[in-house]
Amino acid sequence: LPLELVSGIRFSDCETVTLISQVRQDVVDATGLSSLDTIVAIRAGNDGEGNYAYYSDVRESSIQNTAQAYTEAINFAMTNSLPSIELEINRLVPMMPSQEDL
């Protein structure tokens with residue numbers, strides 16, 4: 001997620017997960033993020049070998065903890081002149097009944 005787009009998403013609290021509740025169209029176009037995606041990890045500072053200088057697992061975290069990790073990742077990226085942060089998400093996929101169930 002490029003730093004110039006970090007203000008383009010809004011979080012929503014949903015018991016034990018934090019949902020992305022609103023996404024500006026420019027963020028959707030640049031990243032593919034979607035409303036109802038759930039954030040499971042936030043990272044910054046990839047060394048190219050899968051190691052990160054900043055990493056926070058926010059799976060089953062409160063919205064406050066997720067927002068804090070998001071802010072910390074942004075601040076880390078800005079302090080270290082990084083162009084972006086990374087969000088690991090899970091996508092909620094609506095289930096449709098099969099024709100047999102109808």
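Two rings of Phe, Tyr or Trp (its six-membered ring) pair if their centres lie within 6.5 Å; planes under 30 degrees apart count as stacked, over 60 as edge-to-face and the rest as tilted. By that rule, this structure holds two aromatic pairs.

Before you start clicking: this is a predicted model, where local features need pLDDT of at least 70, side-chain atom pairs count only at pLDDT 80 or more, and totals for chains, interfaces and linings use all residues. Residues are numbered from 1 along each chain as its sequence is written, and side-chain values use heavy atoms, with hydrogens and water left out.

Select F11 and Y70. F11 lies in strand β1 (residues 9–14) and Y70 in helix α2 (residues 63–79), so the pair ties together parts 59 residues apart in sequence. (Helices, H or I of at least four residues, and strands, E of at least two, are DSSP runs numbered from the N terminus.) Both residues are buried, meaning under 20% relative accessible area; exposed is over 50% and partly exposed in between (1.4 Å probe, protein chains only).

Next, select Y54 and F76. The ring centres are 6.4 Å apart and the planes at 35 degrees, so this pair is tilted. Y54 is buried, at 12% relative accessible area, while F76 is partly exposed, at 23%.

Now go back to Y70 and show its contacts (heavy atoms within 4.5 Å). Leaving out residues up to four places away in sequence, Y70 touches L1, V6, I9, F11, I42, I85 and L87.
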